[in-house]
Amino acid sequence: MKLEGRTFKGNNILNVQVVEHENPNARYSKELEENLVLLCKEMDVPIPMWLSKNTHEFAALRQTIFFAEQFNQKVGFDRFQIRLLE
């Protein structure tokens with residue numbers, strides 16, 4: 001699985017990072033979680049709260065956006081987007 005992350009402040013992209021991690025023994029949701037944690041570590045972003053809206057967006061669009069309110073710590077960006085890459 002290859003996952004791209006982007007942080008935004010207004011309409012400006014602050015950071016872009018791509019991670020690729022395969023775990024053939026894991027379910028899709030577990031592999032997604034592992035990649036999200038790895039991506040957050042690489043980008044120095046706290047792990048966001050995953051809400052039901054994120055599940056619906058990711059299932060329909062293969063991407064989702066986390067807003068600053070979804071983080072337990074103060075962040076220096078407005079939104080964090082993750083996107084599944086083929």
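Me: Is Lys53 buried, partly exposed or exposed, and what is its relative accessible area?

Reply: Buried means under 20% relative accessible area, exposed over 50%, and partly exposed in between (1.4 Å probe, protein chains only). Lys53 is partly exposed, at 26%. Keep in mind that this is a predicted model, where local features need pLDDT of at least 70, side-chain atom pairs count only at pLDDT 80 or more, and totals for chains, interfaces and linings use all residues. Residues are numbered from 1 along each chain as its sequence is written, and side-chain values use heavy atoms, with hydrogens and water left out.

Me: Which residue forms a salt bridge with Lys53?

Reply: Side chains of opposite charge can pair when their charged atoms come close. A salt bridge here is a side-chain nitrogen of Lys or Arg within 4 Å of a carboxyl oxygen of Asp or Glu. Lys53 pairs with Glu57, with the closest N and O atoms 3.4 Å apart. The two sit four residues apart in helix α2, about one helical turn. Helices (H or I, at least four residues) and strands (E, at least two) are DSSP runs, numbered from the N terminus.

Me: How many salt bridges does the whole structure have?

Reply: Three. Glu4 meets Arg6 at 3.2 Å, N to O, and Arg83 at 2.7 Å, N to O. Arg83 lies in strand β4 and Glu4 in strand β1, so that pair ties together parts 79 residues apart in sequence.

Me: Where does Glu4 stand, buried or exposed?

Reply: Glu4 is buried, at 7% relative accessible area, whereas Arg6 is partly exposed at 23%.
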